[in-house]
Amino acid sequence: MQDSILNRLGFDPGILILGMMILMVFVLVYLASMSMKMSRFMKRYKLFMRGKDGVSLERAFESNFIEVDRIAEQSKNQAREIAQLRDQMNRTPVKTGIVKYDAFADVGGRMSFALAMLDMDNTGFVINAIHSKQGCYTYIKEIVKGESYIQLGEEEKEALRQAVVTYENRDQE
């Protein structure tokens with residue numbers, strides 16, 4: 001009876017058995033591969049869960065989430081502080097230029113000077129200190145966006161030019 005079923009199929013039963021054996025070998029290789037992957041996974045899982053139950057793991061996650069929220073808040077505060085510092089820096093005199101000169105022919109040593117101090121928008125002031133035998137006289141002139149509404153002397157113009165140009169050259173380097 002078995003012979004008749006196999007004969008009706010139209011091929012040799014040995015080929016069927018050989019095919020089944022090859023299929024079994026592939027299944028065994030696949031099973032071994034999955035077993036190794038599962039073993040590695042279990043090692044990682046045991047390492048992760050070492051000494052922890054579900055409740056302590058939940059607390060650990062909760063504390064980490066709280067820490068992440070705290071760090072995010074700190075980051076926002078720091079970004080706000082950085083913006084304030086940048087604003088303050090833009091208004092702080094960072095560009096300077098100085099020209100020393102002799103204001104009078106009879107007074108040597110280049111004791112007089114013109115000092116320009118500007119912020120990032122070229123707004124600030126020029127101080128001119130004129131030294132003579134009778135004393136020292138100091139004048140200050142306001143600079144707005146690189147311009148003065150009061151006539152500048154040659155030394156003051158040069159100090160202003162130095163402040164703007166020297167800072168621009170430093171940015172290009």
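Two strands count as paired here if DSSP finds at least two bridges between them, and helices (H or I, at least four residues) and strands (E, at least two) are DSSP runs numbered from the N terminus. The model is a predicted one, where local features need pLDDT of at least 70 and side-chain atom pairs count only at pLDDT 80 or more, while totals for chains, interfaces and linings use all residues. Residues are numbered from 1 along each chain as its sequence is written, and side-chain values use heavy atoms, leaving out hydrogens and water.

On pLDDT (the predictor's confidence in each residue, from 0 to 100), the protein chain averages 85, with 88% of its residues at 70 or more. Where pLDDT is low, the predicted coordinates should not be read in detail.

Strand β2 has partners in both β1 and β3. Strand β1 (residues 95-101) runs antiparallel to β2, joined by 7 bridges, and Tyr101 sits opposite Ser112 of β2. With β3 (residues 124-131), β2 pairs over 6 bridges, again antiparallel; here Ala114 has Asn128 as its bridge partner. The β2-β3 hairpin has 5 residues between its strands, and Asn122 takes a positive phi near 60°.

β2 is also mostly covered, with 5 of its 7 residues buried (under 20% relative accessible area, 1.4 Å probe, protein chains only). Ala159 contacts (heavy atoms within 4.5 Å) Gly97, Ile98, Val99, Ala114, Leu115 and Ala116, leaving aside residues up to four places away in sequence.

Note on methods. Buried means under 20% relative accessible area, exposed over 50%, partly exposed in between (1.4 Å probe, protein chains only).
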